[in-house]
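Welcome! Try each task before you read its solution.

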Amino acid sequence: MKTLVIGADGFIGRSFCRVLGPEHEVVVGARTVVKDRGRCQYIDLLQPSSIAAALANVQPDVIVNCAGVMTTPGSASNTAMTGNLLQEVLESGLDVHSVVICGSASAYGSVEPDALPVPESHQLRATSLYGRDKVREECLGRLYRYSFGIPVVTARIFNPIGPGMQKRQLLPAICRQLQQWKAGRREHLEVTRLDAARDYHSAVDAARGLAALAYGRPREFAYNIGSGKQTSNAALLQRVFTLAGLDCAPPVRQSCSTPELPLASQADTHTINSEFGWTTAVPLDHSILEVLDESVR
């Protein structure tokens, strides 16, 4: 199958391209030339004409949209970009096998502890601007799937980690602070809350989950992708300190005195596991060590 990977220069997009074997013909779509890739196709999801041109040039069987924004300035929202993509797919008349959207656990919003691990059937009650944008993006996906017959599927990805993460994310920030502390430029490390927890898993495993959805025949619209385990910030820090080989751990301060609201911090992955046999394969320590090693380069 010919696959168009949009956002192939991003964190998840790069991992997805790496996990695909030689049997897949991959065309990467981005607004800039992607280094060390094969065939590249310019595409800007805010410009419908560029989407139409890319679809006409590539004629993909599978479309995987790994592009996205964490903030939504002006029209640069995930909803707008995915809406443009799906409309152009519809107008192109292409008989695609699948269109995979990278969703987010943030769409769940508030999730009480007794509802964990959270299943896909849980009500979406996003609390953040980003989460609400991802909910609207999913609503568009459902519209095009059930009203127009476009085979859209959403991967609700929890908290992938690995090399190439955005520096402002928690794990790279911890690793960077640790290097500064070791160099004598910091007296302590800082996190918002030690008791806050997330479902961390390798970006490679997330990419494997995307591949299962892209090339299989998903029966559902949405699938959780996560480890199925909670890791608190305190536990994450301890793993970083251990893997860094520290004899003495640095002091850590919390920047927020208020406990975090309950969130989707643990995925129920029964659906993707039972349908595709997918489960995480990369140990958490391996992914942490990769980010730690990247921080000292």
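Two strands pair if DSSP finds at least two bridges between them. Strands (E, at least two residues) and helices (H or I, at least four) are DSSP runs, numbered from the N terminus. This is a predicted model, where local features need pLDDT of at least 70, side-chain atom pairs count only at pLDDT 80 or more, and totals for chains, interfaces and linings use all residues. Residues are numbered from 1 along each chain as its sequence is written, and side-chain values use heavy atoms, leaving out hydrogens and water.

**Exercise 1.** Examine how strand 1 joins strand 2.

*Solution.* Start with residues 2–6 (strand 1) and residues 25–30 (strand 2): five bridges link these parallel strands. Then pick out Thr3, whose bridge partner in strand 2 is Val26.

**Exercise 2.** Is His188 buried or exposed?

*Solution.* First, locate His188 in the loop between helix 5 (170–182) and strand 8 (189–191). Next, apply the cut-offs: buried means under 20% relative accessible area, exposed over 50%, partly exposed in between (1.4 Å probe, protein chains only). At 16%, His188 is buried. Finally, list its contacts (heavy atoms within 4.5 Å): leaving out residues up to four places away in sequence, His188 touches Gln177, Trp181, Pro251 and Arg253.
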